[in-house]
Amino acid sequence: LKPLKLITLTTDFGHSSSYVGQMKGAALVVDSGLHIIDLCHEVPPQQIAAGAYLLEAGYAAFPRGTIHVAVVDPGVGTGRRAVAARAGNYFFLAPDNGLLTRVLRREALEEAHVIEAPAYRRSPVSPTFEGRDVFAPAAAGLASGLALRELGPPVGELKELPDTRARLESTGRLEVQVLFVDGFGNVTLDVTERELARLLGSGPLRLETPHEVIDEFHRTYQEGSSGAPFLLVNSAGYLEVAIYGGRAADALRLSPGIRLTLTTPA
Amino acid sequence: LKPLKLITLTTDFGHSSSYVGQMKGAALVVDSGLHIIDLCHEVPPQQIAAGAYLLEAGYAAFPRGTIHVAVVDPGVGTGRRAVAARAGNYFFLAPDNGLLTRVLRREALEEAHVIEAPAYRRSPVSPTFEGRDVFAPAAAGLASGLALRELGPPVGELKELPDTRARLESTGRLEVQVLFVDGFGNVTLDVTERELARLLGSGPLRLETPHEVIDEFHRTYQEGSSGAPFLLVNSAGYLEVAIYGGRAADALRLSPGIRLTLTTPA
Amino acid sequence: LKPLKLITLTTDFGHSSSYVGQMKGAALVVDSGLHIIDLCHEVPPQQIAAGAYLLEAGYAAFPRGTIHVAVVDPGVGTGRRAVAARAGNYFFLAPDNGLLTRVLRREALEEAHVIEAPAYRRSPVSPTFEGRDVFAPAAAGLASGLALRELGPPVGELKELPDTRARLESTGRLEVQVLFVDGFGNVTLDVTERELARLLGSGPLRLETPHEVIDEFHRTYQEGSSGAPFLLVNSAGYLEVAIYGGRAADALRLSPGIRLTLTTPA
């Protein structure tokens with residue numbers, strides 16, 4: 001797999017500072033011909049699980065060989081490892097804190113290395129901003145032809161986040177967590193269409209939320225234009241709760257981590 | 001007109017998800033040498049009229065041959081058409097829901113086609129994300145030399161939004177709607193300097209709002225530094241209400257759709 | 001110093017309009033091969049001092065020859081000068097309103113010119129949007145080989161902001177202002193690590209805020225994981241108040257301009 005000169009960035013830096021811009025600058029210092037694309041910078045602060053989902057939802061839209069850099073990093077400057085990995089058709093750079101958990105459920109990890117070669121760091125490294133001083137230059141190095149193994153020693157296993165995917169209870173009910181809320185207020189649940197079919201079979205669905213029971217299922221948003229909350233499969237393959245022209249997260253008071261129950265009433 | 005490898009994006013996706021990034025990825029899969037620029041991603045959710053204004057305000061700042069992609073698309077996944085058009089010196093791709101209404105008042109529509117050729121779609125197409133699966137690859141195809149007619153059959157008329165432009169009443173008063181509020185709280189009214197001259201002639205203006213009458217007119221913001229609300233012509237040629245160092249929309253409680261009255265007191 | 005075809009933008013335009021996109025379009029009209037990077041667009045509206053800090057924190061992460069354009073410009077359209085300068089390894093374009101004050105404390109000003117050559121402006125120039133009509137084309141001109149002196153006559157001194165840096169009082173107490181709050185709620189104080197050492201020497205620090213006294217100092221965020229507010233040096237070399245996993249600005253009610261006192265209790 002040959003890396004492209006194409007880097008994406010996923011962070012929790014937001015847009016009110018110049019942190020994202022500084023990461024791009026530090027990469028362009030290594031290679032001014034790089035193409036750097038923002039995947040998302042509004043991961044909720046330090047929410048590694050949300051970052052893991054946003055990265056999973058987005059990485060595969062990019063060309064083979066793209067280098068994805070993700071920085072949601074409450075442990076910046078401490079002993080936690082910075083890693084660079086190859087998985088499927090992509091490269092990934094991230095702190096070893098579980099941020100790659102969801103991507104690595106979809107893509108086999110081929111190779112991973114600690115990022116520690118001094119040649120691919122800014123000097124000195126700020127203990128509060130390794131995105132700029134460690135990850136960006138390392139990604140730019142890869143894009144410019146550096147081999148993964150030149151970054152540092154190989155890593156065996158990467159840290160994983162706790163598994164929050166839907167779980168079938170002995171009663172036949174499926175416990176499912178709220179995973180993410182997007183800019184439209186649409187609520188992503190931590191179960192994919194495929195897992196749902198495996199766990200509950202096909203047939204109608206019934207989602208119990210603290211405030212409402214939802215049993216409409218649509219293929220598009222507009223089919224829900226009557227205004228009632230409904231379920232659909234989102235563009236990343238996950239089950240989603242939506243309200244046409246409204247914000248389901250607000251109306252139903254759903255936020256990440258809340259547990260709900262799915263059943264097949266048939 | 002030869003398309004540039006330059007694409008702009010205007011959407012209501014916001015920045016809290018990876019949707020915009022995914023659109024860019026899907027375009028770069030087709031041609032990794034594309035230059036993709038964000039025009040605006042904070043069109044208020046599903047507000048086609050606001051998107052139409054933001055596109056009108058921005059498209060002409062770009063080089064001849066730029067491909068403008070706009071996605072504010074409450075009907076995504078339904079039978080509404082996706083179209084690609086050439087108008088004036090630019091290309092435009094959008095759902096056929098009125099989003100191009102304002103651009104097409106300024107630029108003659110030369111040619112429009114439905115986007116349906118399977119070769120220029122991701123497969124399968126998500127019924128909730130045609131920005132990524134239909135519009136982005138089609139735009140990238142155009143940028144790479146595809147002809148508009150290769151995307152699908154020609155379209156005659158495009159859908160238009162209801163006309164909300166200022167209307168002269170028999171009493172000689174001009175009814176004008178609030179069209180948009182920008183990040184400074186400046187309030188754009190749906191009347192251009194040119195329409196104003198045609199409808200009311202030159203001479204002083206008087207804007208009646210529910211809470212205040214505004215009769216100062218300035219050329220620059222700083223001329224209004226006394227602090228009172230005033231009128232000026234904004235950078236897109238529209239009449240605007242502003243408060244120097246303040247947010248006129250908040251102070252005067254003005255939001256899109258509110259109707260106001262303009263007169264020439266002389 | 002040879003300019004790169006690399007431009008950064010720092011503005012207070014926010015993301016809800018198409019203003020930033022229009023600036024990019026206007027630059028690309030001059031040279032479609034430019035690489036334009038966002039440094040920050042959420043400078044608080046018309047807060048020149050915040051813009052000056054964000055520019056200072058970010059400019060040096062970029063390659064030698066980068067052209068930094070900054071527009072926080074309450075005086076747009078008036079007699080205030082638009083300037084283009086060379087300082088250290090970079091070029092800077094900005095209104096002459098103090099926005100370059102902090103950069104020019106770090107980098108010697110080599111050369112500055114008024115931007116007024118008609119060939120490098122859009123015509124007509126909107127009196128409300130010189131970012132698009134004056135600064136962007138001038139920056140693109142520089143990137144394409146124009147000499148600074150071709151933009152207009154030389155400028156002697158640039159306007160400076162009032163000095164808000166920490167000041168040692170006769171009592172030995174250091175008065176320090178809140179300078180900026182980032183997206184994590186971290187609070188930047190207007191004193192660098194280097195100034196601190198010069199003014200107070202080494203040794204423990206004690207920050208008095210209206211609501212709390214802070215005397216923990218850490219090197220990384222995670223070292224503060226007990227939850228109490230603490231001091232650290234941020235990635236731009238400034239003293240910062242932070243709360244691990246929380247928002248110090250909110251918890252301590254600190255916002256730009258508030259004055260605090262630093263002492264060395266030893």
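At 31% relative accessibility, Arg165(C) counts as partly exposed, a class that lies between buried, under 20% relative accessible area, and exposed, over 50%, as computed with a 1.4 Å probe on protein chains only. The model is predicted, so that local features need pLDDT of at least 70 and side-chain atom pairs count only at pLDDT 80 or more, while totals for chains, interfaces and linings use all residues. Residues are numbered from 1 along each chain as its sequence is written, chains are lettered from A and ligands numbered from 1 in the order in which they are written, and side-chain values use heavy atoms, with hydrogens and water left out.

The partner of Arg165(C) is Glu195(C), and the two side chains meet in a salt bridge with an N to O distance of 4.0 Å, a salt bridge being a side-chain nitrogen of Lys or Arg within 4 Å of a carboxyl oxygen of Asp or Glu. Glu195(C) lies in helix α5 of chain C, whereas Arg165(C) is in the loop between α4 (130-143) and β7 (167-168) of chain C, so the pair ties together parts that are 30 residues apart in sequence. Helices (H or I, at least four residues) and strands (E, at least two) are DSSP runs, numbered from the N terminus, and helix α5 of chain C covers residues 193-200. Glu195(C) is buried, with a relative accessible area of 17%. Its side chain also reaches the backbone nitrogen of Thr192(C) at 3.0 Å. When residues up to four places away in sequence are not counted, Glu195(C) touches Arg165(C) and Asp190(C), contact meaning heavy atoms within 4.5 Å.

Over all chains, a search of the whole structure finds 56 salt bridges. Among them is the pair of Glu175(A) and Arg167(A), at 3.5 Å from N to O, and in chain B Glu175(B) forms a salt bridge with Arg167(B), where the closest N and O atoms are likewise 3.5 Å apart.

Where chains A and B meet, the contact takes 29 residues from chain A and 29 residues from chain B. The area buried between them is about 2,400 Å², of which carbon and sulfur atoms give 58%; buried area is the accessible area (1.4 Å probe) that two parts lose on being put together, summed over both. Ala61(A), Phe184(A) and Ser235(A) supply 26% of the area that chain A buries against chain B, more than any other three residues. Across this interface of chain A and chain B the rule finds zero salt bridges, but seven residue pairs are in polar contact, both residues being at pLDDT 80 or more. A polar contact is a pair of N or O atoms within 3.5 Å; within protein, one must be able to donate a hydrogen and the other to accept it, and residues adjacent in sequence count only if both atoms are side-chain atoms. On the side of chain A that touches chain B, the elements giving two or more residues are β2 (35-40), α2 (48-58) and β12 (230-233) of chain A, and β2(A) gives the most, with five residues.

Between chain B and chain C, 29 residues of chain B are in contact with 29 residues of chain C, and the buried area is about 2,400 Å², with carbon and sulfur atoms giving 58%. Ala61(B), Phe184(B) and Ser235(B) supply 26% of the area that chain B buries against chain C, more than any other three residues.

Finally, the cysteines: zero disulfides are found over all chains, a disulfide being a pair of cysteine sulfur atoms within 2.5 Å. The sulfur of Cys40(A) is 16 Å from the closest cysteine sulfur, in Cys40(C), which is too far for a bond, and Cys40(A) is buried, with a relative accessible area of 2%.
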